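Trainee: May we go through this structure together? I would like to learn how its helices are arranged.
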Amino acid sequence: RFEDDLIQQLKNPDFAAAYLSEILNDSSKGQKERILLALKCMAKAYGVSALTKKIGRSPKALYVSLSKKGNPTLETFLAILDTLGIQLKAASAQK
C-alpha cells in the first residue's frame, strides 16, 4: 500500500524533510490537506505515542488536529517538526 511504503520512507529524516519541503513549496489547490496528511504519516513513522509524549498532546488531539479538517496551531506544527528533527526554512517565491 502506498501509505505504508511512504510511512517506511518517512522514518528517514532527510527523506521526511525533502517530502514536506516539496509539499510546502507547491501552493496548488489542496495544499493544506497534503500538509496535514504528510504530518500524519510522519507522526506514524516516528510513532504516535512517542511523538505525543514529546510534544505534550494526547494521541486523540494530534489525530484531530491532523485530520482532513484539522487546523493544528503553529505551536503544534513547530513542535512536531522539532521532534522529528526537521527544520523549517523560508525562501523567496520570486523568480
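Mentor: Let us begin with a definition: axes are lines fitted to C-alpha atoms, for helices over the stretch in contact, and angles run from 0 to 180 degrees between N-to-C directions. Please keep in mind that this is a predicted model.

Trainee: At what angle do α1 and α3 pack, and how far apart are their axes?
Mentor: Helix α1, residues 2-9, packs with α3 at an angle of about 65°. Their axes are 8 Å apart.

Trainee: Is the crossing of α1 and α3 right-handed or left-handed?
Mentor: The crossing of these two helices is right-handed.

Trainee: And which residues make the contact?
Mentor: From α1, E3, L6 and I7 take part, and they meet C41, K44 and A45 of α3.

Trainee: Let us move on. Where is K11?
Mentor: K11 sits in the loop between α1 and α2. Its C-alpha atom is separated by 9.6 Å from that of G47, although the two residues are 36 residues apart along the chain.

Trainee: Is K11 buried, exposed or partly exposed?
Mentor: K11 is partly exposed, because its relative accessible area is 46%, and that label covers values between the 20% and 50% cut-offs.

Trainee: What about α2: how many residues does it have?
Mentor: Helix α2 covers residues 13-24 and has 12 residues. From first C-alpha to last it reaches 16 Å, close to the 16 Å expected at 1.5 Å a residue. At its start, a side-chain oxygen of N12 comes to within 2.8 Å of the backbone nitrogen of D14.

Trainee: Which residues of α2 are buried?
Mentor: They are A16, L20 and I23. These residues lie on the same side of α2, because they cover an arc of only 55° around the axis. D14 and E22, on the other side, are exposed.

Trainee: What do the buried ones pack against?
Mentor: The buried residues of α2 pack against α3 (31-46) and α6 (74-83).

Trainee: Now to α4. Which of its residues are buried?
Mentor: In α4, residues 48-55, the buried residues are V48, L51, T52 and I55. Seen down the helix axis, they fall within an arc of 95°, so they line one face of α4.

Trainee: Which residues are exposed on the other side of α4?
Mentor: K53 and K54 are exposed there. The buried residues of α4, for their part, pack against α3, α5 (59-65) and α6.

Trainee: Last one: which residue follows α4?
Mentor: G56 follows α4, and its phi is positive, near 75°.

Terms used: Residues are numbered from 1 along each chain as its sequence is written. This is a predicted model: local features need pLDDT of at least 70, side-chain atom pairs count only at pLDDT 80 or more; totals for chains, interfaces and linings use all residues. Side-chain values use heavy atoms; hydrogens and water are left out. Helices (H or I, at least four residues) and strands (E, at least two) are DSSP runs, numbered from the N terminus. The expected span of a helix is 1.5 Å times one less than its number of residues. Buried means under 20% relative accessible area, exposed over 50%, partly exposed in between (1.4 Å probe, protein chains only). The arc is that of the directions from the helix axis to the C-beta atoms. Contact means heavy atoms within 4.5 Å. A polar contact is a pair of N or O atoms within 3.5 Å; within protein, one must be able to donate a hydrogen and the other to accept it, and residues adjacent in sequence count only if both atoms are side-chain atoms. A crossing is left-handed if the near helix is turned anticlockwise from the far one by less than a right angle, and right-handed if clockwise.
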